[in-house]
Amino acid sequence: MRAELCADTQGQLVNALLDKGQTTGAYLAIANQVAYKEQSGGANIAISYTPSVNVWWDVEACIGILQKLDAAYHYAYANIWLNVNDAQARGRAQCIWTQHSTVNNYGFRHIQARFMLTGGTFYTATLMHENSGGSWQYYTDNPRNFMMARAWAR
Amino acid sequence: VSSQTTLAWRPGRLLAVQHIEGSNNAWYALPAGNGQLTRVGATTPLEISYTPPVDCYWDVSLNVMITKLDAAYHNAYATIDLSPVDLHGDSGVWQIAIQHNSVDWAWPRLPRRTFWLSRGVSYVARANYSLSGGSWQMHQGAGYLMMDGVATAAYGILTPP
């Protein structure tokens, strides 16, 4: 994760951050309501940011492979969760797909959200998994597992 | 259609907006294996390029509709592949889905990623695909096939992480 300089001119890009999986990845099982990881035993895929001014915060995340391991239909969400709600009382964004190991075992999720942040408040956006049952795994390398965020002064 | 506008490069401001799309309003059979997506039949590869005047962030996105023609399950990736790699050492984004003509005949791929570019370096982002087997096609109409880029000036010089 890296941060850039900030400014306070309305409409300008004031910050860009990235978190991602490793260059060489591996399959990693994931349970219900658990955060995606950079690698096995690693940190969550998450971005933290304390804006110096009020900003619009565009957050996107990709899971290039999410695999269903058992022969039953269940759905799985990819979620972006904020640690605190934004200035519009929003703190969640969700993307869903139903999968079955013998039908569509491989699938992807790509989710994007725009939050309205308040200057001086600490925010963390975390990429979370949520499912209705069954067994799931994902691949942790960085072309298939990342989160990025950009902030625009408002 | 392809356009690029170079604007003032003050920090945090737009440098360029790019758009390229299919120009053949018909289905096109994808050659087996791996390859680059194309805009008209087998010609005019789908790609955008950019040489930033200052270090910048380059948001690149792809929208492609892919259909499976045969009654068997296979997977298909759509990817954006950057050359050379950016300042993070990243080279793209990959998205996969399984399809079967009587189950999930049509499915889009929507890969998107922000790259961190170094000034003066010529970058190209290519839209590619990879098939595990079976017969596939994509639609080359402008509403189904497009690639976009938005470059925004960074503050100062981006250093490799």
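## A salt bridge across the interface

Asp59(B) and Arg150(A) are joined by a salt bridge in which the closest N and O atoms lie 2.1 Å apart, the term standing for a side-chain nitrogen of Lys or Arg within 4 Å of a carboxyl oxygen of Asp or Glu. Between chain A and chain B the count is 3 salt bridges, and the count of residue pairs in polar contact, both at pLDDT 80 or more, is 12. A polar contact is a pair of N or O atoms within 3.5 Å; within protein, one must be able to donate a hydrogen and the other to accept it, and residues adjacent in sequence count only if both atoms are side-chain atoms.

## Basis of the model

This is a predicted model, in which local features need pLDDT of at least 70 and side-chain atom pairs count only at pLDDT 80 or more, while totals for chains, interfaces and linings use all residues. Residues are numbered from 1 along each chain as its sequence is written, chains are lettered from A and ligands numbered from 1 in the order in which they are written, and side-chain values use heavy atoms, with hydrogens and water left out.

## The contact between the chains

Chain A brings 34 residues to the contact and chain B brings 35 residues, where contact means heavy atoms within 4.5 Å. The area buried between the two chains is about 3,000 Å², with carbon and sulfur atoms giving 57%; buried area is the accessible area (1.4 Å probe) that two parts lose on being put together, summed over both.

## The largest pocket

The largest pocket has a volume of about 210 Å³, and of the 15 residues that line this pocket, Phe108(A), Arg109(A), His110(A), Ile111(A) and Leu110(B) are the closest to its centre. On a 1 Å grid over the protein atoms alone, a pocket is an open set with protein on both sides within 12 Å along at least five of seven lines, a cavity is a set of points where a 1.4 Å probe fits but cannot get out, and lining residues have an atom within 4 Å of a point. Grid points are joined across faces, edges and corners, and a volume is the space filled by probe spheres set on the points.

Strand 8 of chain A gives the most to the lining of the largest pocket, with 5 residues; strands are DSSP runs (E, at least two residues), numbered from the N terminus. The lining divides into 10 nonpolar, 3 polar and 2 charged residues, with Ala, Val, Leu, Ile, Met, Phe, Trp, Tyr, Cys and Pro counted as nonpolar, Asp, Glu, Lys and Arg as charged, and the others, Gly among them, as polar.

## The cavity

The structure holds 1 cavity of 30 Å³ or more, and about 50 Å³ of space lies in the largest cavity. Arg150(A) is among the residues lining the largest cavity, which also include Ala16(A), Met148(A), Tyr57(B) and Trp116(B). By class, this lining has 7 nonpolar residues, 1 polar and 1 charged.

## Backbone details

The peptide bond from Ser83(B) to Pro84(B) is cis, with omega near -10 degrees, and Pro84(B) lies in the loop between strand 9 (74-83) and strand 10 (92-99) of chain B. In chain A, Ala89(A) has a phi near 65 degrees, a positive value in a residue other than glycine, and is placed in the loop between strand 6 (74-82) and strand 7.

How values were computed:
Helix = DSSP H or I, 4+ residues; strand = E, 2+ residues; numbered from the N terminus.
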